[in-house]
Amino acid sequence: MTSLPPRYLALDVLRGLTLAFMIIVNTPGSEATTYAPLLHANWHGFTPTDLVFATFLFVVGNALSFTEGRYAALGDATALRKIGKRTATIFLLGYLLYWFPFAYLDADGWLMLKPIGATRIPGVLQRIALGYGCTALIVHFWKARGALIVGVAALLAYWAILYAGGDYTLAGNAVLKLDRLLLGEPHLYHGEGIAFDPEGLLSTLPAIANVVAGYLAGRWLQQRGQGVDSIERLMLAGLACIAIALCWNTVFPINKKLWTSSYALLTIGLDLLLLPLLVYVIEVRAQRRWTYFFEVFGRNTLFIYLLSEVGVVLLMLTHVGTQTVYEWLYATLFAPLASGYNASLLFAVATMLSCWGVAYLLDRKRIYIKV
């Protein structure tokens, strides 16, 4: 538990917005009756939901721009230890989330440890950990110019690797091939019909560019100020990224699950519009009456994300008759209130608000759980 470090309010709001939307898209009452914008694109293409995770990485880089100075003052050995510890902790939390619950009762009632041989290794928190760790090291040793060069090189190199290593289909891409080789199919995500992980090792390479972009945007605002001119330049950069991404899409399709370079650049562009807009409204125009709801989420982001994921697992494991508690709550409390699509949305919003209630209590007690 720590006190809050100084930073601009727009960062907490963007972080909170992202977490709120992430919980909503992750916890529909029924996936069969979920509005299309709240679903990921099936393969090539883009939906609002596809922006969420990329924005999370952008925010990680933005926050890094506030801490890099402290790392630089510590010296290489101490900085490396701190970066390594934080990276390993976040990665381990992600792995434990997929291993959870760690034990089960067998047919004879004996408590058995859940085998790790089939536990997924890549994942959301794992990608955040690797994106943060790599970017923090790049920034520490090569500074902002080096980070920009590495970010651009990562996007171009990933395009070349995928072009040379297979195709852009679900079964034939280089991401799948490398993950199968290094991790094995049992340790990958199986929700696509085959063992393919949308947070695979190779596709972490372009995701680093999202973190780098967030860092550079945060550094720009700190050095150039939050005036209209600074905001306009960021937004122009965002429009340029979007234009390049749409052109790139003609030869390297926008695809969140492959995290193609065109997808990374598109999401960077959108975030370079969203963050300056929030800075303008909150910092320049001082319109802050509406921000507290998202600030609460933005101050305990990692803990609340873990809470939402663990909570869903527990609801899915506990039963009321033949239904899981998750299914029972949806069928009993929400399905009678509205049509299928609206009931599913109400369930997701209610889940998000329940998590917000915990975040609110933590904020009222000034408890901020950091890693």
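Visitor: Does Arg 366 count as buried or exposed?
Guide: The model is predicted: local features need pLDDT of at least 70, side-chain atom pairs count only at pLDDT 80 or more, and totals for chains, interfaces and linings use all residues. Numbering starts from 1 along each chain as its sequence is written, and side-chain values use heavy atoms, without hydrogens and water. Buried means under 20% relative accessible area, exposed over 50%, and partly exposed in between (1.4 Å probe, protein chains only). Arg 366 has 57% relative accessibility, so it counts as exposed.

Visitor: What is the phi of Arg 366?
Guide: Helices (H or I, at least four residues) and strands (E, at least two) are DSSP runs, numbered from the N terminus. Arg 366 sits in the segment after helix 12 (340-364). Most residues other than glycine have a negative phi. Arg 366 is not a glycine, yet its phi is positive, about 55°.

Visitor: How far apart are the end C-alpha atoms of helix 12?
Guide: The expected span of a helix is 1.5 Å times one less than its number of residues. Helix 12 has 25 residues, so it should span 36 Å. The model agrees, with end C-alpha atoms apart by 36 Å.

Visitor: Which helices do the buried residues of helix 12 pack against?
Guide: The buried residues of helix 12 include Ala 343, Phe 347, Met 352, Cys 355, Trp 356 and Leu 362. Contact here means heavy atoms within 4.5 Å. The partners are helix 1, helix 9, helix 10 and helix 11 (325-334).

Visitor: How many residues of helix 1 are buried?
Guide: Helix 1 covers residues 9-26 and reaches 26 Å from its first C-alpha to its last, close to the 26 Å expected. Helix 1 is mostly covered. Of its 18 residues, the buried ones number 15.

Visitor: Which residues does Ser 308 contact, leaving aside neighbours within four places in sequence?
Guide: Ser 308 lies in helix 10 (residues 301-317). It counts as buried because its relative accessibility is 5%. Its contacts are Ile 23 and Cys 355.

Visitor: At what angle do the axes of helix 2 and helix 4 cross?
Guide: Axes are lines fitted to C-alpha atoms, for helices over the stretch in contact, and angles run from 0 to 180 degrees between N-to-C directions. The axes of helix 2 (residues 52-74) and helix 4 come within 9 Å. They cross at roughly 35°.

Visitor: How far apart in space are Ser 65 and Ala 32?
Guide: Ser 65 belongs to helix 2. It is buried because its relative accessible area is 6%. It touches Tyr 215, Gly 218, Arg 219 and Gln 222, not counting residues up to four places away in sequence. Ser 65 and Ala 32 are 33 residues apart in sequence, and their C-alpha distance is 41 Å.

Visitor: Which residues does the cis peptide bond with omega about -5° join?
Guide: Most peptide bonds are trans. This one is cis, and it involves Pro 101, in the loop between helix 3 (76-99) and strand 1 (103-105). The bond joins Phe 100 and Pro 101.
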